[in-house]
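Here is a walk through one protein chain, from its overall fold down to single residues. Keep the sequence and the model side by side as you read.

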Amino acid sequence: MKHKNFGLNEASFEKLVIDLKKNDTYFFEQVFLKQFEETMNYLRREYRSSSEEAYDATMDTLIEFRTRFVDGKLQYGNLRFLFTKIASQMLLRNRKKNTAGIDGETFLSEDADTEPEDLQGLSQLNIAWKSLGEACKQLLTWHFYGKMKLSEIAEETQKTPATIRKQKERCVKKLKDQFGIKTIQSHEG
């Protein structure tokens, strides 16, 4: 499928990376100009985002992609899928930032219908989240917010699905442990 890598073959992918390392962005701009509009449309459709939100998230993704290319963190593969997933994460991250206060605590308007118990739970979640390593945060973000299947994450990270499943279980257990929730196998239907 030609489109999954923005129409790039492996040789043109390598050229793109070399050009970016030399700070020559012409080829990069030509390739991603087409993807930019498609990604904005996807975010507006799937996340019901405004044009501004979609633009900001897509632009942030473009910058992140360029950085990853230059740092050698992207390999030839399903680049289009990865670009779209990162854009989705950027959109959600930007939305979260827009609801955060100056000190990083969650901002709630005076008319919010949030109960004190909810605030306490949210505070606990923020603390628990900060205790996770970056790998756990990335995996859980991709899976729960980005709606990526574990098999897709395994393919993206070049690990086996079983490894990713175990990693996810360990990460969720770490979060539950922070809340004092016992991880007991239940037989609920």
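How many helices and how many strands does the secondary structure of the protein chain come to? The count is eight helices and zero strands. Here helices (H or I, at least four residues) and strands (E, at least two) are DSSP runs, numbered from the N terminus. Along the sequence, the pattern reads α-α-α-α-α-α-α-α.

A word on the source. This is a predicted model, in which local features need pLDDT of at least 70 and side-chain atom pairs count only at pLDDT 80 or more, while totals for chains, interfaces and linings use all residues. Residues are numbered from 1 along each chain as its sequence is written, and side-chain values use heavy atoms, with hydrogens and water left out.

The chain has 189 residues, and 32% of them count as buried. Buried means under 20% relative accessible area, exposed means over 50%, and partly exposed lies in between (1.4 Å probe, protein chains only). Contact means heavy atoms within 4.5 Å. Take the contacts between residues at least 6 apart in sequence: 62% of these join residues at least 24 apart.

Two packed helices are described by the angle between their axes and the distance between the axes. Helix 1 (residues 10-21) packs on helix 3 (residues 51-70) at an angle of about 95 degrees, and the axes are 9 Å apart. Helix 1 is therefore roughly perpendicular to helix 3. Helix 1 brings Phe13, Leu16, Val17, Leu20 and Lys21 to the contact, and helix 3 brings Arg66, Phe69 and Val70. By class, these residues are six nonpolar, no polar and two charged.

Those terms have set limits. Axes are lines fitted to C-alpha atoms, for helices over the stretch in contact, and angles run from 0 to 180 degrees between N-to-C directions. Under 35 degrees counts as roughly parallel, over 145 as roughly antiparallel, 65 to 115 as roughly perpendicular, and the rest as oblique. Ala, Val, Leu, Ile, Met, Phe, Trp, Tyr, Cys and Pro count as nonpolar; Asp, Glu, Lys and Arg count as charged; the others, Gly among them, count as polar.

Now zoom in on leucine 20, in helix 1. Leucine 20 has 2% relative accessibility, so it counts as buried. Beyond residues up to four places away in sequence, leucine 20 touches Thr25, Phe28, Arg66, Phe69 and Val70. The C-alpha atoms of leucine 20 and aspartate 71 are 9.9 Å apart, though 51 residues separate the two along the chain.

Threonine 39 sits in helix 2 (residues 26-47). Its relative accessibility is 1%, so threonine 39 is buried. Leaving aside neighbours within four places in sequence, threonine 39 is in contact with Thr58, Phe83 and Ala87. Between threonine 39 and lysine 85, 46 residues apart along the chain, the C-alpha separation is 9.6 Å.

Where does the chain turn up a positive phi? Arginine 48 is one case, with phi near 50 degrees in a residue other than glycine. Arginine 48 lies in the loop between helix 2 and helix 3. With a relative accessible area of 74%, arginine 48 is exposed.

Helix 4 (residues 79-98) comes next. Its 20 residues should span 28 Å at 1.5 Å a residue, and its end C-alpha atoms are 28 Å apart, which agrees. The expected span is 1.5 Å times one less than the number of residues. Buried residues of helix 4 include Phe83, Lys85, Ala87 and Gln89. Glutamine 89 has 7% relative accessibility. Not counting residues up to four places away in sequence, glutamine 89 touches Gln138, Thr141 and Trp142.

Which cysteines does a disulfide join? Cysteine 136 is joined to cysteine 171, S to S 2.0 Å. The cut-off for a disulfide is a pair of cysteine sulfur atoms within 2.5 Å. By this rule there is one disulfide. The pair links distant parts of the chain, with cysteine 136 in helix 6 (residues 134-145) and cysteine 171 in helix 8 (residues 161-179), 35 residues apart. The link is left-handed, with -80 degrees about the S-S bond. Cysteine 136 is buried at 7% relative accessible area, and cysteine 171 is buried at 0%.

Finish at glutamine 158, in the loop between helix 7 (150-157) and helix 8. Its phi is near 60 degrees, a positive value in a residue other than glycine. Glutamine 158 has 59% relative accessibility, so it counts as exposed.
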